[in-house]
Amino acid sequence: MTVPVPSADETAETAETAGTAGAAGTAGAAETAGGEALRPHAEDAFADELKALAAADDRPRPARWRLSPWAVATYLLGGTLPDGTVITPKYVGPRRIVEVAVTTLATDRALLLLGVPGTAKTWVSEHLAAAISGDSTLLVQGTAGTPEEAIRYGWNYARLLAHGPSREALVPSPVMRAMAGGMTARVEELTRIPADVQDTLITVLSEKTLPIPELGEEVQAVRGFNLIATANDRDRGVNELSSALRRRFNTVVLPLPATAEEEVDIVARRVAQLGRSLDLPAVPEGVAEIRRVVTVFRELRGGTTEDGRTKLKSPSGTLSTAEAISVVTGGLALAAHFGDGVLRAGDVAAGILGAVVRDPAADRVIWQEYLETVVRERDGWKDFYRACREVGA
Ligand SMILES: Nc1ncnc2c1ncn2[C@@H]1O[C@H](COP(=O)(O)OP(=O)(O)OP(=O)(O)O)[C@@H](O)[C@H]1O
Ligand SMILES: [Mg+2]
C-alpha cells in the first residue's frame, strides 16, 4: 500500500505548526519572496534559460525530467541554442564530470559529489536539481545533529495527540516528498550526519521505498526520483560513509580549478552575479585585482610561486575559490561605499589577510614571509604590498 504525501503547501502548514524535524529542510515552507529574494533559487534565477532549453530540447527525457540529460549538461556548462539564446555556464570545469554526474542521475544509482571545500559541490547539486526537477528546495542539511526524522518523516504532535497516527499527522521529509513526486532530493554534507542516521538512506536508495511502520504503509519512490549528496573531503573520518551506503552512490570528485585563468573566470562571473544582487559596481575594471587575489590564493594553496621558483609554506585555511569570491565581493563593496567605485589593492588587502591568517600565530608568520619574499619583489605589486602592510601592521 502506498500513502499519498501532502503537497508542498500543506507541508508548509504542518511543518510550521509542528516545529518538528520535518521542517529542517523543507524549503517548501519558505515564503516566496518573488523578485525581492536576497538569493533566489536556481530554478527562479535562471527560469528563462531553463525555459529556452526545454523549448529547444528534442532529445529523449527520462521519466519526469524537465530536460534531457544533454540539455541539463548544457544548462550547467553553458552554450548557445539554435535560436541564439545564450546559456551562461554555471559550472566551469571538465565537461566529462558534468556528463557523468547527469548520467548517473538517470540511472538507479544516486550521486555523491565529493571534493575539498569551495569546489562548487553545493552549487552543482542545486543546479542539477533545478534543471532536472525544476525544484532545488527538497533539501536536507546534514549536521552532527540531523535526526532520522529529517530523512524519513516526523509527526505533527498536535494532530498525533488529537487523532492518533494518521496520514494527516505525518510530516514528510524532503526525501519522502521527492520520492512521492519523482523528483530530485538533495542531502548536504552527508558525512557530517551520524552513521546510524545515514543508514536510513540505504532502504531508500536500494529498495526505493520508505516504510512507515506506525501506519503499516510505505511510500514508494516514483520514477524520476533520485538523490544528490555532497560531502567534504576535509570531513573525511568524521563519519565515514558506510560501505553499504557507498555502494549505492556513484562518486564524482569535483577538482579545484586547473588553471589560474579558469579560476579568475569563475571568480569574475560569480562576483558579477553577486554584485548585481547587491547593487555593486560592475567588475570589468576590477579584473586585474581579481587576478591578483587568485594568484595569491593559488600560490599559498599550492605551496609554490606561479613560476615554480620559490617554495612557500601553506597556511591552515583552505583558500578556496569560494573564499576568493567573498574577498573580491567584500572589496567591491568597500570600493563602492568608501572608494571611487574601482576595485583597488587597498580594497582586497584586508579580505585576503582575513582569509589567509586563520591561526593568528603560525599563519601570520607564513603571510609575513610571503609578503616580504614574494609580494615585495614582484613587478607592479608595490601598491598591493603597501596595502597589505597597512592592514597587517
Ligand atoms: N568550478 C567552478 N565553477 C563555477 N563556480 C564555482 C566553481 N568552483 C567554485 N565555484 C563557486 O564557489 C562558490 C562556493 O561553492 P559551493 O558552496 O558550492 O562549494 P562547496 O564545494 O559546496 O563547499 P563546501 O565544501 O564548503 O560546502 C559558489 O558560488 C560557486 O559558484
Ligand atoms: Mg557545500
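In between, a residue is partly exposed. Keep these cut-offs in mind. The model shown here is predicted.

Start with the whole protein. It has 18 helices and eleven strands. Of its 393 residues, 43% are buried. Now take the contacts between residues at least 6 apart in sequence. Of these, 71% join residues at least 24 apart.

Next, find ligand 1. Its shell holds 19 residues. The nearest are A120, K121, T122, W123 and A322. What kinds of residue make up the shell around ligand 1? Nine are nonpolar, eight are polar and two are charged. Several elements contribute. Helix 6 (121-133), strand 10 (226-232), helix 13 (260-277) and helix 15 (321-338) each give at least two residues to the shell.

Helix 13 has 18 residues. From its first C-alpha to its last it reaches 26 Å, close to the 26 Å expected at 1.5 Å a residue. Its buried residues are E263, V264, I266, V267, R270 and V271. Viewed down the axis of helix 13, these buried residues fall within an arc of 160 degrees, so they line one face of the helix. An α-helix has 3.6 residues a turn, so residues three or four places apart point the same way. On the other side of helix 13, E261 and R276 are exposed. The cover over the buried residues of helix 13 includes helix 14 (287-302) and helix 15. After helix 13 comes D279, with a positive phi near 60 degrees.

Is V328 buried or exposed? V328 is buried, because 28 other C-beta atoms lie within 10 Å. Leaving out residues up to four places away in sequence, V328 touches V267, V271, I290, V293 and V348. V328 and V287 are 41 residues apart along the chain, yet their C-alpha atoms are separated by 9.9 Å.

Move on to the loop between helix 15 and helix 16 (345-356), where R344 is placed. R344 is only partly exposed, because it has 19 other C-beta atoms within 10 Å. Residues up to four places away in sequence aside, R344 touches E289, A335 and G339.

Now go to helix 18 (residues 382-392). Its buried residues include F384, A387 and C388. Seen down the axis of helix 18, the buried residues fall within an arc of 100 degrees, so they line one face. On the other side of helix 18, K382 and E390 are exposed. The buried residues of helix 18 pack against helix 14, helix 16 and helix 17 (362-375).

Helix 3 (47-56) can be read in this way too. In helix 3, E49, L50 and L53 are buried. They fall within an arc of 100 degrees seen down the axis of helix 3, so they line one face of the helix. D48, K51 and A55 are exposed on the other side of helix 3. What covers the buried residues of helix 3 includes helix 2 (42-45), helix 4, strand 2 (86-87) and helix 6. Helix 6 also gives at least two residues to the shell around ligand 1.

Finish with two loop residues. R64 lies between helix 3 and helix 4 (69-77). Its phi is positive, near 65 degrees, and R64 is not a glycine. R64 is partly exposed, because 16 other C-beta atoms lie within 10 Å. E189 lies in the loop between strand 7 (184-188) and helix 10 (195-198). E189 is not a glycine either, but its phi is positive, about 55 degrees. Why does E189 count as buried? It has 21 other C-beta atoms within 10 Å, and the cut-off for a buried residue is 20 or more.

Technical notes:
Residues numbered from 1 in each chain as written. Chains lettered and ligands numbered in written order. Predicted model: local features only at pLDDT ≥ 70, side-chain atom pairs only at ≥ 80, totals over all residues. Near = placed C-beta within 6 Å. Helix = DSSP H or I, 4+ residues; strand = E, 2+ residues; numbered from the N terminus. Nonpolar A, V, L, I, M, F, W, Y, C, P; charged D, E, K, R; others polar. Expected span 1.5 Å × (residues − 1). Buried ≥ 20, exposed ≤ 12 C-beta atoms within 10 Å, placed from the backbone. Arc of directions from axis to C-beta. Contact = placed C-beta atoms within 7 Å.
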